[in-house]
There are 8 protein chains.
Amino acid sequence: MAESPLDGVAELDLGRGARRGYPEAVYCEGKTPEQVRAIAHRLAEAYASGETSGTALFTRASEEHAAAVLGELPGALHDETARLVIWPAEPPSPTGGLVVVLCAGTSDLPVAQEAALTARHLGRPVELVVDVGVAGIHRVLARRELIDRAGALVVVAGMDGALASVVAGLARSPVVAVPTSVGYGAAFGGIAPLLTMLNACAPGVGVVNIDNGYGGGHLAAQIAAR
Amino acid sequence: MAESPLDGVAELDLGRGARRGYPEAVYCEGKTPEQVRAIAHRLAEAYASGETSGTALFTRASEEHAAAVLGELPGALHDETARLVIWPAEPPSPTGGLVVVLCAGTSDLPVAQEAALTARHLGRPVELVVDVGVAGIHRVLARRELIDRAGALVVVAGMDGALASVVAGLARSPVVAVPTSVGYGAAFGGIAPLLTMLNACAPGVGVVNIDNGYGGGHLAAQIAAR
Amino acid sequence: MAESPLDGVAELDLGRGARRGYPEAVYCEGKTPEQVRAIAHRLAEAYASGETSGTALFTRASEEHAAAVLGELPGALHDETARLVIWPAEPPSPTGGLVVVLCAGTSDLPVAQEAALTARHLGRPVELVVDVGVAGIHRVLARRELIDRAGALVVVAGMDGALASVVAGLARSPVVAVPTSVGYGAAFGGIAPLLTMLNACAPGVGVVNIDNGYGGGHLAAQIAAR
Amino acid sequence: MAESPLDGVAELDLGRGARRGYPEAVYCEGKTPEQVRAIAHRLAEAYASGETSGTALFTRASEEHAAAVLGELPGALHDETARLVIWPAEPPSPTGGLVVVLCAGTSDLPVAQEAALTARHLGRPVELVVDVGVAGIHRVLARRELIDRAGALVVVAGMDGALASVVAGLARSPVVAVPTSVGYGAAFGGIAPLLTMLNACAPGVGVVNIDNGYGGGHLAAQIAAR
Amino acid sequence: MAESPLDGVAELDLGRGARRGYPEAVYCEGKTPEQVRAIAHRLAEAYASGETSGTALFTRASEEHAAAVLGELPGALHDETARLVIWPAEPPSPTGGLVVVLCAGTSDLPVAQEAALTARHLGRPVELVVDVGVAGIHRVLARRELIDRAGALVVVAGMDGALASVVAGLARSPVVAVPTSVGYGAAFGGIAPLLTMLNACAPGVGVVNIDNGYGGGHLAAQIAAR
Amino acid sequence: MAESPLDGVAELDLGRGARRGYPEAVYCEGKTPEQVRAIAHRLAEAYASGETSGTALFTRASEEHAAAVLGELPGALHDETARLVIWPAEPPSPTGGLVVVLCAGTSDLPVAQEAALTARHLGRPVELVVDVGVAGIHRVLARRELIDRAGALVVVAGMDGALASVVAGLARSPVVAVPTSVGYGAAFGGIAPLLTMLNACAPGVGVVNIDNGYGGGHLAAQIAAR
Amino acid sequence: MAESPLDGVAELDLGRGARRGYPEAVYCEGKTPEQVRAIAHRLAEAYASGETSGTALFTRASEEHAAAVLGELPGALHDETARLVIWPAEPPSPTGGLVVVLCAGTSDLPVAQEAALTARHLGRPVELVVDVGVAGIHRVLARRELIDRAGALVVVAGMDGALASVVAGLARSPVVAVPTSVGYGAAFGGIAPLLTMLNACAPGVGVVNIDNGYGGGHLAAQIAAR
Amino acid sequence: MAESPLDGVAELDLGRGARRGYPEAVYCEGKTPEQVRAIAHRLAEAYASGETSGTALFTRASEEHAAAVLGELPGALHDETARLVIWPAEPPSPTGGLVVVLCAGTSDLPVAQEAALTARHLGRPVELVVDVGVAGIHRVLARRELIDRAGALVVVAGMDGALASVVAGLARSPVVAVPTSVGYGAAFGGIAPLLTMLNACAPGVGVVNIDNGYGGGHLAAQIAAR
């Protein structure tokens, strides 16, 4: 669990993979591209020396952040919609239960994609279903078989966030609810769906932060692990 | 449109029935039983003299308020669940479209009852359906024929408030959404379902104040009037 | 009620017109122009094949969104003030009751226009009155005859949002209240008029989301339908 | 400007009358009856010795607080509705402009009474008008002559708080707006009318704290002083 | 999946056990003891007839609610601390992974007990650890072996809610975070720990509503099921 | 009191000067420059025809708004700091009591200047004092003589907003408190000083909206009018 | 640093005195008297055995809590105003700098007393000054010599909370600011003074939770320790 | 304590150093570069004439602000990360206790740097430790010896803000907690860590405003002064 000070910039928790089973992700927002590059450089060294292993995830990466990472970890996957940079680009062979990501509207897609990619690269099989909001309830009811097969579900929704309650009322497996900032006015940047999900009238719903697709995918991957 | 000062206590808007088609209701909360009694006395006079006509509604009435009204308007209907006192006790013959009141949970019943009684005594035919929350979505889907027949719908729900979106996605007629203070913690006294309903992903939803069964029933009665 | 997957982008609810009497609108915010173009393309196909019919509305459309729609649905109406794209450009012959849209201030005009265009293209006769805020109460009192003729009213107001209460105290028909984000400081992006409208001391007011002119116009069109 | 420590309980600002023209009031809430009694005792001494003069006001006084004051300042006026104890019981001869207190609903009366009594005992002529909310706009319009005569107006309203904007749009003199906690749900204990009044679309409105009838009456008395 | 209308009071979702694997719980708050008794009566019938099976949970039960249930389902377990009534009193033989409930302070115990009893009666082995808040970090570090053995963890904390982040940084298994209303002032009835948990700097945390021990225990039971 | 429809853009309240003694101001934010130009054009006509008279104020005017006004009302005063355009450029001869504007910090100067110019052009003598925040309490104490001379005071402050309480504790005349959005973090765009001012421990404070220098100056001008 | 499990109720952090220099306090709110008694019993044992030493503080203690403690630790000091139980009753000989507690109003006295007693029993000399709010600024200015002598200051204030800024602008030593829930309406249970203090325009202010007199006194005792 | 009016722009509190021991800092946000330049010019004069002495700090300085200061006080230190300009560039010889600044994540570095530089230039020895958030608790535990040596600690953290509680549970010396706006969604611009820190379950934590590195460093410098 050796650590490097990175010149007063960061102290990587390289032992996290060994300790928790999942490696530390790098949150790029609020870091300069230079800081991100230094972190990627240190990770590249650690992978090369065998000091650490597994997948490296850079979340909420701007174009500049992504370029900095790709300079140090060539061949990494950069998904612009999800604002993710992932190394290595190829996900591991899927193991564990199926993670089903259900997305209420097209505008929620970036967050849903972030969740799906995260779960996939942490080792789970994943299916992503888009635009099945409750205004047309037949759309989610048509996925009941898929819902039954899931080992964990991720529901991504903004505005009224009502999809989480409906899905949890149908599913055997836990639902990870990810509110999004999609909407306007009294959606209050995601507060509306956040509260909806925290108050879901069906049990079996665990909520993560607004727009936190990474957290949703990570938690679902843990739940479906075995 | 004569008015009486009621000794510096209230100034009844006896012309409201003629002006708006629906009489003024008396909001009891924050008034003393003596003040409510004085208002009921003045209304009894006005009915007797033909100065006004139609239904008198006393909302959010405590036991003491109700006793005060019944002393002045004997034979009035007192519904303790809905905290309503209504005079006369008999509703008018129903006219206009059907008002369907859908209530998500048993704990929402007092507000739903207030809405149903209000709409009924303002002249509409009313049906009340209890405990059809979205955690068991088959319950509301089993009412699709009733929903299709409605001229106006009132959806009463606390906690996640998700029922309004689902119903509005199914209904041709407008949905009046009444959030309730049922719930705890992050329900924040009804803020959670209020925001859900304001952000309903289906259009055709008009929201009234938290726990405002009277307002919900009144608005539905107006919508279904013809 | 056939549906197209749109390549994992959206799942149009083409049956909504048959189910609810009003077609699904496309909310453009948060979608890329490419996604909106793909949706418009699918709608054009569905109109051509007779799979669906009626009016197509694209709400909160930027210049880029509008260009994408116009490329697929040539001849559509683009109203920049209301940020609406509507196809076909010609509204249907008006039926049902009159929808009166009352706008408190000039700065509320974009939202009021969105409401008026929506109601008009969903089939109602519409009149729009601008700048009748309660600071000069004679302005709204001068419209009492128009208010009496309305089958439904839409009140659009920011800042204190007081116009909704005054109008509802005068009108026989239901009032749809649309708070706007016009104002600053303690207007809190529309929270002030939203709360005013939810607490209107006159009954008969249904509130929609802040700046939701589309929702206000849609609900009024439903109310005034017959 | 001599001061007494009151045994570590309070340090009366007996010079305030000389400094500001209006004496310090004693806010009773959160004080024990014993503490209030000690303060009243000290004031009685100061009046007797000529150390101070003018009116003594005890605000938000419970029955116990009032009894404590009356024990020390016999003959004081105790108004239970307004929760005020005032000494001496007789107000001074009125001077300055007329203070008009307008109260939207009967439930707002305690706060309006607190304002009216305060202004009256600080020396102004006062008129109190009850139950002129905007749901029946003719009621306030019928008071235009009174409004024109006022040197200062106090508007007391809960729920939508819309009366302040309407009155300020009619009045030459400044309007002191007092939001009340009357209402429920999204009135949020007075936040709704507070925001309405802060965002009044007519200028000339100064807002005081929720339920602060004392503050409203004091400010109006100052404004109308000459 | 037959259902009984319960005289317009409730519509039990007796099929939920078959559909989701876990039966519906009865939320007592806001229901009268009579309504709860009617529901318990219907459940007793359904158990007797074989219409449903499994554990019946009555949450947030007052003394009166509990008496009503015990009259219909004699021998049920009533835990006053957790405000739970459970039938049958004996939990099933534990299967699946271990659920570890960690409680930050003694004042959080009622919620932690609710979580532990729920998970136990839904079939999991459970261990409860009390008073391991981060102000004495050695207390939680001393439980690392237990944390490693868990199939799911429930962290119950009020005030700063910081325990969830620390535990998630140590654990392989998912953490269900339950904020409590323990605290005062800027704890805002549980908002403070709720926000802390939603913003946990370690991934793998799913949050449920404030004081929702039932929901936390249910979700953990699902996660640790296999 | 003739009015012009301004082509569906605005309905000027030209009678406001006669009715209230102060003319309507034009709030530019949210209006296009073209709309503002049309309003200025109509005002120019009304001044020319004698239909109205007095000062015209355009508030929160951008450079584009100002250019539009100056094209129609040449010679108007444009103060960029205060974002005001005023016609005519010369204020009337001062009458009434002195308005003293006290500004807590240099960053509050734009709002203070807006207040001072408004009061000056509505006819009062005005003095502006800058940077007398309570962190150096000697600065405001050094202005006691000026405070004593004032007929009305305007206190403009962001951050802690504490200056209003201190000044009201010293002054005989009413204090108009204008909170500003100066500050960051927990200043919450002006909520912090707004609440401070609403809770001022000294009476005699009337609060206007955050950053509402115009409203503060207008109210002070009314108070000091005679 | 031995610890006792206290039968699943609490896990005392007896090593805290050795680790931090100040012993753990027992927060009574939310604990049953029986739980508090068990904790007091364990502490009595630990003092008797020499396992721990120093002062024991029980905060926010009701009458029942106090009785439970006094049964186990006879002779302890019970201050009802401050809701504190302290053992031993005699404070240690004072060392370190002077802690000055300044209290804005009489209603803030319980919190100020809690701060003063805490600092005194943690070993500092303490002076308490009551009722020096900024509405009469001469009261605090008259204490400048005392302020200069302080090694740490505690400012306790509700409502506008302005006293903290004024004192910090005068003092060399750090100011610990304790907002209280004294006030009503827009004081929002202490949010108003909390925000004022967080935004103090003078530096050198550290804020603790609303009504947290214990925390304020503890922090001041640490600051003034040497 | 002579003061200069600075042409109606600012009134420097040049006596603050003598009065409080620490000079006034200049808050640049909301000031124009010209205003900042005028202030710097006045300070340069005052330093030259001996009217004042000590360190000059310009906080939250943009590039333009910094250029303006450097033009008047050549050789000043400009730290772009911390947005500070400090004159003279060399800090004084360190005296007093050690200030340890602990920073939870790399994104919090700008605020931590502002705190460290402020404490250093106000005369304390300072050590800065970066990226020791509680998700890897071993990182902060590895600094226990440093924590023990500190005379004051500054904890800078966004998101869950949990580091402050953990450190206060370990430290003898006071902890100054600085919440940051790092995070997204339910971090609400720093509200989440602010509430966490105000509710820290360990005593000895004083909180300053969100992102207020200057205030945190200043308070720590005062605490560690002797």
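Between chain F and chain G, 11 residue pairs are in polar contact, with both residues at pLDDT 80 or more. A polar contact here is a pair of N or O atoms within 3.5 Å; within protein, one must be able to donate a hydrogen and the other to accept it, and residues adjacent in sequence count only if both atoms are side-chain atoms. The model is predicted, with local features needing pLDDT of at least 70, side-chain atom pairs counting only at pLDDT 80 or more, and totals for chains, interfaces and linings using all residues. Residues are numbered from 1 along each chain as its sequence is written, chains are lettered from A and ligands numbered from 1 in the order in which they are written, and side-chain values use heavy atoms, with hydrogens and water left out.

On the side of chain F that touches chain G, the elements giving two or more residues are α7 (163-170) and α8 of chain F; helices (H or I, at least four residues) and strands (E, at least two) are DSSP runs, numbered from the N terminus. The largest share of this side, 5 residues, belongs to α8(F). By class, the side comprises 19 nonpolar, 4 polar and 1 charged residues. In this classification Ala, Val, Leu, Ile, Met, Phe, Trp, Tyr, Cys and Pro are nonpolar, Asp, Glu, Lys and Arg are charged, and the others, Gly among them, are polar. In total, 24 residues of chain F are in contact with 24 residues of chain G, contact meaning heavy atoms within 4.5 Å. The two chains bury about 1900 Å² between them, 72% of it from carbon and sulfur atoms. Buried area is the accessible area (1.4 Å probe) that two parts lose on being put together, summed over both. The interface of chain F and chain G has 0 salt bridges, a salt bridge being a side-chain nitrogen of Lys or Arg within 4 Å of a carboxyl oxygen of Asp or Glu.

The interface of chain E and chain A can be described in the same terms. Here 31 residues of chain E are in contact with 31 residues of chain A, and the buried area is about 2500 Å², with 49% from carbon and sulfur atoms. E:Arg20, E:Arg172 and E:Leu198 supply 24% of the area that chain E buries against chain A, more than any other three residues. The elements of chain E that give two or more residues to this side are α1 (16-20), α7 (163-170), α8, β9 (205-207) and α9 (213-223). Its residues divide into 15 nonpolar, 10 polar and 6 charged. Between chain E and chain A there are 0 salt bridges, while 15 residue pairs are in polar contact, both residues at pLDDT 80 or more.

Other chain pairs do not touch. No contact joins chain A and chain D, whose closest C-alpha atoms lie 13 Å apart, and none joins chain C and chain H, where the corresponding distance is 15 Å.

Over all chains, the structure holds 88 salt bridges. One of them is formed by the side chains of G:Glu24 and E:Arg139 (3.8 Å, N to O). G:Glu24 lies in the loop between α1 (16-20) and β1 (26-27) of chain G and E:Arg139 in helix α5 (residues 138-141) of chain E, so this pair joins two chains.

The largest pocket has a volume of about 1800 Å³. A pocket is an open set of points on a 1 Å grid over the protein atoms alone, where a 1.4 Å probe fits, with protein on both sides within 12 Å along at least five of seven lines; lining residues have an atom within 4 Å of a point. Grid points are joined across faces, edges and corners, and the volume is the space filled by probe spheres set on the points. The pocket is lined by 39 residues, of which A:Ile191, B:Ile191, C:Ile191, E:Ile191 and H:Ile191 lie nearest its centre. Helix α8 (191-198) of each of chains A, B, C, D, E, F, G and H supplies at least two residues of the lining. The lining divides into 35 nonpolar, 3 polar and 1 charged residues.
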